[in-house]
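Please examine the sequence and the structure shown below, and keep both in view while reading.

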Amino acid sequence: YAKEQGLSCCRFAEYMRTINIVRFELENDIRRGIVRKEFFIEYQPQVNLCTGKMVGLEALVRWNHPVRGLIPPSEFIPLAEESGLIVQLGEWVLRTACRQNKRWQDEGFEPVSVSVNMSVRQFRDPSFTEKVAEVLTETGLDPRYLDLEITESMTMDQKWAVNQLVELKQLGILVSIDDFGTGYSSLHYLRKLPVDRIKIDRSFLEEVVQDSSDAVIVSSIAAMANHLKLKVTAEGVENKEQLEFLKRQNCHDAQGYLFSKPVPALRLEQDFLVKAAG
Ligand code: C2E
Ligand code: CA
Ligand code: CA
Ligand code: CA
């Protein structure tokens, strides 16, 4: 028995070594990828449900790995978070998205906001506000066209989060709570957070038409947001039935495959951006 256990222990150590090597390589790849410009951004439209007009974009990072090809964010974001590289990568996404949005406005397209996903590591950085301010100055983007998406879990430490958000809001930017309803949400806490918008998580939309409890969740979130004077955006809208339901709930904006998948900047420019009048 002891022998067996010794063996499996060895095997386990070996297994862990292998995992760590793969992890280490991927981390190095991410580091190199940033330098070699292997990352790019796709933009997904956010549409106003009353007017049908595109009012915003979400910036979603993509990795074109030289050997592995296109790697989805679900595979590299967790690694980037663990290793801390997300701070560097996240800053690159923020700067690139702001610069792109400013360029579109300069080219005469109707202004829309750009939403950028924040990692907890970025949000926890005491100098985060200064970094965002720096990017705004450097790119010249009007702060009201930048929206930072944070998640509920980042605001667990109430006091700290409120202070950080107050600082950020002083820049004149927008702040949204992403994946709303999946984390540790408490309505009481939401009231105290200086945020502009909540995004209802895609998982609640999936069966909102068939499942009455999902329907209740979505309509309660929308009602509450309206009551608190927050904007509500629904994620993952894939069909007309979901859209009609959301309209009845006074949901403001929606994002999902019904309108468009995330697309590269050029596609967005050709298919979705509108030249401003005059
Ligand atoms: P998320 O912030 O919740 O982003 C929305 C995800 O839903 C995107 O997946 C988008 O492609 C997908 N989606 C949009 N509409 C639909 C739909 O109608 N149906 C379905 N089934 N899916 C839809 P994506 O691009 O794979 O991103 C996954 C996650 O990776 C994001 O979830 C976000 O948490 C993270 N992520 C992406 N870019 C960044 C980034 O720059 N920084 C950080 N920290 N995280 C990022
Ligand atoms: Ca998001
Ligand atoms: Ca989301
Ligand atoms: Ca998310």
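N101 is buried, because its relative accessible area is 1% and buried means under 20%, exposed over 50% and partly exposed in between, computed with a 1.4 Å probe on protein chains only. This is a predicted model, in which local features need pLDDT of at least 70 and side-chain atom pairs count only at pLDDT 80 or more, while totals for chains, interfaces and linings use all residues. Residues are numbered from 1 along each chain as its sequence is written, chains are lettered from A and ligands numbered from 1 in the order in which they are written, and side-chain values use heavy atoms, with hydrogens and water left out.

N101 belongs to helix α3; helices (H or I, at least four residues) and strands (E, at least two) are DSSP runs, numbered from the N terminus. When its neighbours within four places in sequence are left aside, N101 touches L57, V112, S113, V114, L141 and Y145, where contact means heavy atoms within 4.5 Å.

Helix α3 (residues 86-106) also packs against helix α5 (residues 128-139). Two packed helices are described by the angle between their axes and the distance between the axes. For α3 and α5 the angle is about 35° and the axes are 9 Å apart; axes are lines fitted to C-alpha atoms, for helices over the stretch in contact, and angles run from 0 to 180 degrees between N-to-C directions. The crossing of α3 and α5 is right-handed, a term used if the near helix is turned clockwise from the far one by less than a right angle, whereas anticlockwise is left-handed. On the side of α3, the contact is made by V87, E91, L94, R95, C98, R99 and K102; on the side of α5, by K131, V132, V135, E138 and T139. Sorted by class, this contact has five nonpolar, one polar and six charged residues. Here Ala, Val, Leu, Ile, Met, Phe, Trp, Tyr, Cys and Pro count as nonpolar, Asp, Glu, Lys and Arg as charged, and the others, Gly among them, as polar.

In soluble globular proteins, nonpolar side chains tend to be buried together. The largest nonpolar core in this model has 75 residues; such a core is a set of buried Ala, Val, Leu, Ile, Met, Phe, Trp, Tyr and Cys residues joined through side-chain atoms within 4.5 Å. I30, Y43, L94, L146, L148, I198 and L246 have the most contacts inside this core. Helix α3 gives the most to the core, with seven residues.

Strand β1 (residues 39-48) contains I41, which is buried with a relative accessible area of 7%. Apart from neighbours within four places in sequence, I41 is in contact with A59, L60, W92, V93, T96, A97, P264 and A265. The loop between α1 (2-35) and β1 holds K37, a residue that is exposed at 70% relative accessibility. K37 has a positive phi of about 60° although it is not a glycine.

Which residues coordinate the calcium ion (ligand 2)? The donors are E58 (OE), N117 (OD1), E149 (OE) and D178 (OD), at 2.2 to 2.3 Å. Donors are N, O and S atoms within 2.8 Å of the metal (3.2 Å for Na, K and Ca), and sites may look incomplete because water is not among the atoms. N117 lies in strand β4 (residues 113-117) and D178 in strand β6 (residues 174-180), so this pair ties together parts that are 61 residues apart in sequence. N117 is partly exposed at 29% relative accessibility, whereas D178 is buried at 7%.

The calcium ion (ligand 3) is coordinated by D178 (OD), D179 (OD), E235 (OE) and E235 (OE), at 2.1 to 2.6 Å. E235 is buried, with a relative accessible area of 10%. D178 coordinates both calcium ions, ligand 2 and ligand 3, which are 3.8 Å apart.
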